[in-house]
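Here is a friendly note for anyone opening this entry for the opening look. Please keep the sequence and the 3D view at hand while you read.

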Amino acid sequence: MNILKPAALLLAATALAAGSTAAATAADSPGGTRVTDLQQTAGQVLADSPKPLRVTADAVEYEGLTVTDAPVTKGAQDLPCDYGHLCMVVKGTKFDFYKCQTWNLTNWTGDGPFINNQTRGTVAKFFNKDGSVRWTSTAYQAGTASWDPIWSLRPC
């Protein structure tokens, strides 16, 4: 099982708390390649993870997670989320989890829509800093969640 280190998402809270959203603009990276704002945001969120599998102006894909700008929604009923996935919006960024593993986060805060669209009965768990379960979601479920704070999650 591939578990991200707690430091892997250390910069996520800063980027997300600042309301960072990704645009399709680009900036030079130290290697001389062009990097989108979305890739920079995803890189901050997954700082210790392997390199992305695919990067476009609209998405950064890792093994088991796709990070995109969040669509404008009135609530969870408007949030696109494929079958077999756990999707959520945190501070304007959509996280689409589709691999069963523990994802360590750093102090996610705020409220946002979520959809647990995994196989019926699959339980997603959201954890406190000390590793205790903060809350669970059994598929199918959709609503608005409080991320104050979520330190890790396990979609399955």
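The points below walk through the disulfides of this predicted model.

1. Let us begin with the count. Taking a disulfide as a pair of cysteine sulfur atoms within 2.5 Å, the model holds two disulfides. With bonded cysteines counted along the chain, the pairing pattern is 1-2, 3-4.

2. One of the pairs is Cys-81 with Cys-87, where the sulfur atoms sit 2.2 Å apart. The torsion about this S-S bond is about 85°, so the Cys-81 to Cys-87 disulfide is right-handed.

3. Now please turn to Cys-100 and Cys-156, which are joined by a disulfide with an S to S distance of 1.6 Å. Here the S-S torsion is about 85°, so the bond between Cys-100 and Cys-156 is right-handed. Cys-100 lies in the loop between strand 7 (93-97) and strand 8 (103-108), while Cys-156 belongs to the segment after strand 13 (150-154), so this pair ties together parts that are 56 residues apart in sequence.

4. A word on how open these cysteines are. Cys-100 is partly exposed, at 44% relative accessibility. Cys-156 also counts as partly exposed, its relative accessible area being 26%.

How values were computed: Residues numbered from 1 in each chain as written. Predicted model: local features only at pLDDT ≥ 70, side-chain atom pairs only at ≥ 80, totals over all residues. Heavy atoms only, no water. Helix = DSSP H or I, 4+ residues; strand = E, 2+ residues; numbered from the N terminus. Buried < 20%, exposed > 50% of the residue type's maximum accessible area, 1.4 Å probe, protein only.
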